[in-house]
Amino acid sequence: MQPTATVLVYSDDSNTREQVRLAAGRRPAPDVPFVEFLECATPEAVVRELGRGGIDVCVLDGEAVPMGGMGVCRQIKDEVFNCPPVLLLMGRPQDAWLATWSRADAAVTLPVDPVEFASALASLLRRKRLLSA
């Protein structure tokens, strides 16, 4: 049986969560594991799932309401021991400085570009694998 990676996807918008799933596919690159998605629609659900453990990468929607992914990212980087890498979805490229403030490990713009997103996700999965080895 092949290992899988668990990717937490936070957005209050089910269409955004679907874009993420479709862009990544079952395996974002040949050299990373297959992915399983865990969807969260509220910041509380994100914190609860991270507390349970087993999350390899978080994808957070910076445009989510009532708490955007940038604020959630900053919170979990402060509060979650060994926080998994975070891929932030930004509304505009000019928000890159906010992604830096939030301590996101990578950021891509909305709408999700499948090639850019899969590449960023695969990079974070590779880094997670190296850190876990």
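Predicted model: local features only at pLDDT ≥ 70, side-chain atom pairs only at ≥ 80, totals over all residues.
The annotated region comes first. UniProt, in an unreviewed entry, lists residues 6-125 as "domain: Response regulatory". Helix makes up 42% of the chain over residues 6-125, and strand makes up 22%.

The unreviewed entry places "modified residue: 4-aspartylphosphate" at D61. In the model, D61 belongs to strand β3, which covers residues 57-61. D61 counts as buried because its relative accessibility is 3%, and the cut-off for buried is under 20%. Leaving aside residues up to four places away in sequence, D61 touches Y10, S11, D12 and T16, together with G68, G69, L89 and L110.

The salt bridges come next. The structure holds eight of them. One joins the side chains of R126 and D31, with an N to O distance of 2.6 Å. This pair links distant parts of the chain, 95 residues apart: R126 is in helix α5 (residues 114-132), while D31 is in the loop between α1 (14-24) and β2 (34-40). R126 has a relative accessible area of 28% and is therefore partly exposed. D31, at 38%, is partly exposed as well.

Another salt bridge is formed by the side chains of D78 and R103, again given as N to O, at 2.6 Å. Here too the pair links distant parts of the chain, with D78 in helix α3 (residues 69-79) and R103 in the loop between α4 (96-102) and β5 (106-109). The two residues are 25 residues apart. D78 counts as partly exposed, at 48% relative accessibility, and R103 counts as partly exposed at 35%.

The side chains of D105 and R127 also meet in a salt bridge, at 3.8 Å from N to O. D105 is partly exposed, with a relative accessible area of 30%. R127 is partly exposed too, and its relative accessible area is 35%.

Salt bridges can also share residues. In this model R17, R21 and E39 are linked in a network of salt bridges.

The cysteines are the last topic. The structure holds zero disulfides. C58 is in no disulfide, and the nearest cysteine sulfur to that of C58 belongs to C83, 5.6 Å away. Are C58 and C73 buried or exposed? C58 counts as buried because its relative accessibility is 0%. C73 likewise has 0% relative accessibility and counts as buried.

Methods: Residues numbered from 1 in each chain as written. Heavy atoms only, no water. UniProt positions renumbered as here; feature names shortened; annotations may be inferred. Helix = DSSP H or I, 4+ residues; strand = E, 2+ residues; numbered from the N terminus. Buried < 20%, exposed > 50% of the residue type's maximum accessible area, 1.4 Å probe, protein only. Contact = heavy atoms within 4.5 Å. Salt bridge = Lys/Arg side-chain N within 4 Å of Asp/Glu carboxyl O. Disulfide = S-S within 2.5 Å.
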